Amino acid sequence: SASCIATIRGIPPFSGKILWAKQMERQVHALMKRMSDVLGKEWGQQLEGRQLRRSCDELLSKLDSRAYFRSWVSEWESELSSNTASKLNSYPIIVVRQNSGGSSGGVLVAKANFDQKHEYLFREIRYLKWLGYERDIPRTIALVSEEAIVRYPHAMALKTALSSYAAARDLITPELEPLVAKELRAIKDSIAEAFDVSSDGAKVTSKRRIRWDSKDISGWVAALNELVSRFEERVEILLRACDNIDIAIEAFGTVAYDRQKFCDAVENVQKVVDELSLAGYSDLASWGDRVNRKMGAVLAKRLEEALHAWSETFQPVEADSSCEKDSKKKGKTAPVRTPKISVEILLRNQEISASPAVPTTRSIFLNELHDYMGIVCTLPCVNCERFEVFERASGAEGKRASTFYHLVDSLSPKALSNAYFTVECHIQNLAAFVNQWL
């Protein structure tokens with residue numbers, strides 16, 4: 001309980017032990033004074049008090065704060081002597097291999113080169129000075145403490161920046177990484193200044209060298225924090241946009257098979273893409289192609305379902321089973337709304353003819369089918385370059401489709417052939433009816 005209270009109050013571990021030992025020592029001296037008041041000043045030499053005095057002296061020897069202090073000093077001196085020759089102490093950032101899932105390899109992670117022991121050190125020195133050990137603290141340990149005090153604010157800022165960067169970086173999938181490539185490159189270039197290398201690994205000599213003792217260490221840390229904050233903001237906006245696009249794409253599978261409904265859903269996706277385009281995200285065109293492929297997969301499914309509904313609606317039925325067939329069709333799929341084609345048998349100049357003719361009727365019926373398919377196939381694809389001032393290369397632009405007309409190629413041959421078969425069946429019935437009058 002005493003250790004928890006000391007941690008809550010910000011008391012470092014070793015100073016907390018010294019405080020506890022001094023407190024216990026004062027209590028033991030208070031008990032010994034009470035014994036002296038009751039039994040007399042020579043109570044330790046009496047037969048009854050000799051054993052008690054021996055126990056008190058043993059307890060006081062265990063509570064010797066000087067012995068604690070000497071052991072602490074020897075531990076720090078041995079640690080400083082082992083780390084003196086290390087050249088990594090001057091680097092503000094180091095790269096370590098972090099094991100994940102018990103694997104032997106691990107992942108390389110950048111972290112602030114500031115040991116937590118040094119954070120405790122200058123706190124220990126401050127409390128030890130308050131406890132009266134100022135003259136007993138070795139000069140080497142005091143210098144390390146002063147150095148830790150200077151590095152501490154920059155180290156905490158670096159830890160915050162690197163942890164925030166790692167958290168935001170884990171949210172970015174490989175397909176979203178090109179959109180924030182510019183921010184990632186800026187952060188990597190800033191971190192690379194602490195290693196005398198560029199972000200591509202080449203050795204550089206013209207740029208500044210960032211070390212703990214550099215004069216512009218504070219400016220570099222502030223710039224890195226600003227870059228990480230901007231990266232977090234961009235990632236948050238991007239992830240929110242992806243969620244909105246997923247919701248809009250899901251709507252393609254639930255809205256009615258109507259041109260205006262699909263156009264509204266496409267417009268919702270286009271608005272989100274336009275916001276990202278105005279925000280200046282890089283390589284937005286390739287990501288837009290992936291969005292169009294996701295939309296195409298949902299729309300292709302809706303188109304195939306629509307062709308099945310067309311085939312069931314216009315499938316020729318026998319007269320005796322028409323009522324039963326119609327009830328089944330209404331239970332399975334929604335009726336396809338298409339205008340009726342009226343064919344008249346005319347007698348002109350003693351000649352009987354059909355108006356419109358059978359070939360013309362076939363063309364009209366096929367146009368109705370094509371218009372029904374065009375509800376999906378003529379929808380505009382998402383355009384990521386509507387706000388681009390300068391035109392892209394013509395080769396890259398020519399490869400991108402402006403509508404979803406290519407979805408016809410992804411349809412199953414059976415669904416497409418059944419739709420045309422129903423049209424041809426009606427045309428054949430019409431031709432047989434017309435031939436009876438001609």
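**Close-up 1. Salt-bridge network of Glu175, Arg290 and Lys294.** In this predicted model, salt bridges link Glu175, Arg290 and Lys294 in a network. A salt bridge is a side-chain nitrogen of Lys or Arg within 4 Å of a carboxyl oxygen of Asp or Glu. By this rule the model has eight salt bridges. The model is predicted, with local features needing pLDDT of at least 70 and side-chain atom pairs counting only at pLDDT 80 or more, while totals for chains, interfaces and linings use all residues. Residues are numbered from 1 along each chain as its sequence is written, and side-chain values use heavy atoms, with hydrogens and water left out.

**Close-up 2. Salt bridge between Arg169 and Glu177.** The closest N and O atoms of Arg169 and Glu177 are 3.1 Å apart. Arg169 is partly exposed at 23% relative accessibility, and Glu177 is partly exposed at 28%. Buried means under 20% relative accessible area, exposed over 50%, and partly exposed in between, using a 1.4 Å probe and protein chains only.

**Close-up 3. Salt bridge between Asp189 and Arg185 in helix H7.** The side chains of these residues, Asp189 and Arg185, meet at 3.5 Å, N to O. Because they are four residues apart in helix H7 (residues 181–192), Asp189 and Arg185 are separated by about one helical turn. Helices (H or I, at least four residues) are DSSP runs, numbered from the N terminus. Asp189 has 24% relative accessibility and is partly exposed; Arg185, with a relative accessible area of 47%, is partly exposed.

**Close-up 4. Salt bridge between Arg302 and Glu305 in helix H10.** The N to O distance between the Arg302 and Glu305 side chains is 3.8 Å. Arg302 and Glu305 lie three residues apart in helix H10 (residues 284–313), so about one helical turn separates them. Arg302 is buried, at 11% relative accessible area, whereas Glu305 is partly exposed at 41%.

**Close-up 5. Packing of helices H9 and H10.** Helix H9 (residues 259–279) packs against H10 at an angle of about 165°, with the axes 12 Å apart. Axes are lines fitted to C-alpha atoms, for helices over the stretch in contact, and angles run from 0 to 180 degrees between N-to-C directions. H9 and H10 are therefore roughly antiparallel, a term for angles over 145 degrees. Contact (heavy atoms within 4.5 Å) is made by residues including Phe262, Val266 and Leu276 of H9 and Trp287, Met295 and Arg302 of H10.

Conventions. Helix = DSSP H or I, 4+ residues; strand = E, 2+ residues; numbered from the N terminus. Parallel < 35°, antiparallel > 145°, perpendicular 65-115°, else oblique.
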